[in-house]
Structures are given as structure tokens and as C-alpha cells.
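My notes follow in the order I checked them.

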Amino acid sequence: MTEEGAPEATDAERKMRFLYALRSRGVTDARVLTAMERVDRGHFVRGHFAARAYEDMPLPIACGQTISQPSVVGLMTQALNVQPRDTVLEVGTGSGYQAAVLSLLCRRVYTVDRHRKLVADAQRVFRDLGLVNITAFSADGSFGLPDQAPFDRIIVTAAAEDPPGPLLAQLKVGGIMVVPVGQSDTVQSLIKVTRGERGFDYEELRPVRFVPLVEGLGND
Ligand code: SAH
């Protein structure tokens with residue numbers, strides 16, 4: 001029983017509410033919704049916050065970071081328009097949840113985080129869930145992954161003051177990058193960058209709030 005005395009939601013009810021929240025906030029792409037239905041966010045949240053894993057809110061994870069709000073994960077994934085044969089780079093592994101969702105939609109996901117602990121924790125979850133097409137690295141993701149580049153899609157899940165130059169350079173022609181841009185700790189703008197034959201096209205999607213992209217590797 002919950003505090004209000006109502007019976008606790010069953011898994012099916014929780015899932016239905018989770019998907020309803022996504023749809024009502026604009027996540028309408030059927031492939032994205034299916035992927036998010038299949039990846040149980042509960043695996044990516046630890047401790048007493050785990051009980052809130054199916055609510056549409058960001059939650060704290062280790063190293064002072066956050067797992068993003070599910071509807072924001074959905075909207076960013078949708079904006080990325082991932083194709084089944086794509087290779088995707090994610091900067092900001094965090095809990096690994098966004099990478100897991102992407103991994104069901106494309107051929108390969110590379111994800112990097114500056115905190116080794118977050119990468120190690122996420123790798124364990126990927127292994128447990130059998131998500132074998134994700135490779136996670138500890139690195140400063142502002143420089144991208146030159147050895148694995150170029151990428152069809154790039155998603156940055158920490159806020160940059162400008163889209164990092166090395167990431168733009170590692171995006172294929174025809175590729176899409178989604179990145180929150182703005183001063184840290186204020187509201188940022190989610191930007192969709194499309195690389196054409198003759199340059200980059202920038203589209204402002206919506207206001208978002210992310211932790212800042214920080215230089216260098218973390219101490220943990
Ligand atoms: N996508 C994550 C949430 C990311 S939170 C999820 O699904 O849970 C933002 C993450 O970006 C944090 O884990 C932070 O450590 C990481 N980060 C910040 N600056 C970075 C940088 N320069 N390189 C790589 N990761 C960075």
C-alpha cells in the first residue's frame with residue numbers, strides 16, 4: 001500500500017503511465033517508444049531513488065550527476081532520427097540509460113564519460129542486459145572519439161557553451177547531432193545540428209536543463 005492507502009501500481013500500470021507521460025510530452029515516434037518500453041529504467045537508478053525510476057523526472061546518480069528525465073531522453077532520441085545501420089556517439093554516459101535506448105535503434109553505440117566509475121557501472125548493466133553493441137570509454141568526450149569517427153549521429157547529454165568543434169568534425173555528411181547549448185546551470189537550448197554537403201544547419205528545438213560539459217577526466 002502507498003502512503004495514501006491506494007494499492008501499489010502493478011508493473012503493467014507503471015509501464016502504461018510511463019509511456020503515457022512520454023507521449024503527452026511529445027514523444028510520438030513508434031520506434032523510440034518501443035525502445036523505451038523495452039529498456040527498464042529501474043536498472044539504471046540505484047538506492048532509494050530506484051522507486052522513482054518510472055516517473056518522468058531526472059534523478060541523482062553517482063559522482064554528483066543525473067540520469068535525464070525520460071521524456072527528454074525520448075525527445076532527444078526522436079530528434080536524432082537514428083537509423084538501424086547507424087553508428088552513434090554519445091557524450092555523457094551517466095547511468096547508461098540513454099545509450100541503452102539508442103542501442104536498440106542502431107548498429108553500434110559508442111559512449112564516453114569523464115567519470116570512470118559511471119562508465120564501469122554502466123558497463124556492468126550493459127553486460128547484464130546483454131546489450132553487446134555498446135562500447136563505453138572513460139574520456140573527455142568534448143574531443144569525440146577520433147579512432148571510431150566519423151559518426152552518423154552524435155548526442156551530447158551535457159551542456160556545452162557551443163557545439164564542440166571536434167564533434168562537428170566527427171559528424172558524417174548527412175549526419176545529425178543533438179546538443180544542449182548554453183551557459184551551465186541555467187536553462188539551455190537543445191540544438192539539432194545537421195551536416196550538409198556545404199556546411200552545418202542549426203535548429204533550436206526546446207529549452208532543456210543539463211549538467212555542464214566539464215573539461216578533462218574526473219577523479220573517480
Ligand atoms: N546520458 C546520461 C545522463 C548524462 S548526465 C544518462 O542516460 O543517464 C551528463 C554526463 O556527462 C555526466 O555523467 C558527466 O560526467 C558527463 N560529462 C560531463 N562532461 C563530460 C566530458 N567532457 N566528457 C565526457 N562526459 C562528460
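The model is a predicted one.

I looked up Gln98 and found one of its backbone N or O atoms 3.0 Å from an oxygen atom of the ligand. Arg114 has a backbone N or O atom 3.2 Å from a ligand nitrogen atom. For Gly141, I noted a polar backbone atom 2.7 Å from a nitrogen atom of the ligand. On its own the ligand has 580 Å² of accessible area, and the protein covers 99% of that.

Ligand surroundings. I then asked which pocket the ligand takes up: its space is the largest pocket. S2, helix H4 (97–103) and strand S4 (108–113) are the elements that give two or more residues to the shell. I have 27 residues around the ligand, with Ser95, Asp113, Asp140, Gly141 and Val214 as the closest. By class I get 10 nonpolar, 13 polar and 4 charged residues in the shell.

Backbone. I checked the peptide bond from Ala149 to Pro150 and it is cis, with omega near 5°. Pro150 belongs to the loop between strand S5 (134–138) and strand S6 (151–156).

Cys63 has a phi of about 60° and is in the loop between strand S1 (59–60) and strand S2 (66–67). Asn81 has a phi of about 45°; its loop runs between helix H3 (70–80) and strand S3 (87–91). Is Asn81 buried, partly exposed or exposed? I put Asn81 down as partly exposed because its relative accessibility is 35%.

Methods. Residues numbered from 1 in each chain as written. Predicted model: local features only at pLDDT ≥ 70, side-chain atom pairs only at ≥ 80, totals over all residues. Heavy atoms only, no water. Helix = DSSP H or I, 4+ residues; strand = E, 2+ residues; numbered from the N terminus. Buried < 20%, exposed > 50% of the residue type's maximum accessible area, 1.4 Å probe, protein only. Near = heavy atom within 4 Å. Polar contact = N/O pair within 3.5 Å; in protein donor to acceptor, adjacent residues only side chain to side chain. Areas by Shrake-Rupley, 256 points an atom, 1.4 Å probe, with all protein chains shown as cover. 1 Å grid on protein atoms, 1.4 Å probe; cavity = no way out; pocket = protein on both sides within 12 Å on 5 of 7 lines; lining within 4 Å. Sits in = over half its atoms within 2 Å of the grid points. Nonpolar A, V, L, I, M, F, W, Y, C, P; charged D, E, K, R; others polar.
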